Amino acid sequence: MLSRLRLWIHRLEDTLLAVLLTLTVLLACALIAQRVFWDSGWLGGEAATRTLVLWLAMFGAMAATRDHRHLAIDVVPNLLGNRLRTITYALTQLFSAAICGALAWYALSLLQMERDAPGELFGPVKSWHGMLILPFGFALMSLRFLVGVRRIDGGSQT
């Protein structure tokens, strides 16, 4: 049951990632076409594109941590023995979880400050709406790093 739920969540993340990428490209192309052919543009288009890029980056980072394909420097672990490699891997996972947890906490604080004095992002969308992904994304990445601590293979990809 739990593995089916996890599979469903992964498919949902991948679908949202594809939709966000498609929307970002289509919106950027539409804004360029408006400028080139009609010498005009949507006033909130740039803000919408920036927000889509933020969401796209966060969903990409969440998918990377999910699949253990995030940036990693693995020179030192390759020089270590199996036991020390496992310990080093667990420590780096814990450190990464702590950093992402702190980022989630501060992003939540930033979101609260933005909610107290909201600006307009585009149309009826407030500036804090575009920031909702930050605490959620960093918290999920922190959780995934914590779960990654139990991997006993030292992080090697097979």
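Is Leu16 buried, exposed or partly exposed, and what is its relative accessible area? In this predicted model, Leu16 comes out as partly exposed because its relative accessible area is 34%, which falls between the 20% and 50% cut-offs. The residue sits in helix H1, the run covering residues 2-38. Leu16 also belongs to a nonpolar surface patch of about 590 Å².

Next up is a pair of helices, H2 (residues 45-66) and H6 (residues 133-148). Their axes come within 9 Å and cross at roughly 10 degrees, so H2 and H6 count as roughly parallel to each other. On the H2 side, the contact is made by Leu54, Trp55, Met58, Phe59, Ala61, Met62, Ala63, Thr65 and Arg66. H6 brings Ile133, Leu134, Phe136, Gly137, Phe138, Leu140, Met141, Arg144 and Phe145 to that contact.

Then there is Leu132, found in the loop between helix H5 (127-130) and H6. Leu132 counts as partly exposed because its relative accessibility is 37%. Setting aside neighbours within four places in sequence, Leu132 is in contact with Trp55 and Leu111. Trp55 also turns up among the H2 residues that make the contact with H6. As for Val53, Leu132 is 79 residues away from it in sequence, with a C-alpha to C-alpha separation of 13 Å in space.

Notes. Residues numbered from 1 in each chain as written. Predicted model: local features only at pLDDT ≥ 70, side-chain atom pairs only at ≥ 80, totals over all residues. Heavy atoms only, no water. Patch = residues over 30% accessible without salt bridge, like charges linked within 9 Å, V, L, I, M, F, W, Y side chains within 5 Å. Areas by Shrake-Rupley, 256 points an atom, 1.4 Å probe, with all protein chains shown as cover. Salt bridge = Lys/Arg side-chain N within 4 Å of Asp/Glu carboxyl O. Helix = DSSP H or I, 4+ residues; strand = E, 2+ residues; numbered from the N terminus. Buried < 20%, exposed > 50% of the residue type's maximum accessible area, 1.4 Å probe, protein only. Axes fitted to C-alpha atoms, helices over the stretch in contact; angles between N-to-C directions. Parallel < 35°, antiparallel > 145°, perpendicular 65-115°, else oblique. Contact = heavy atoms within 4.5 Å.
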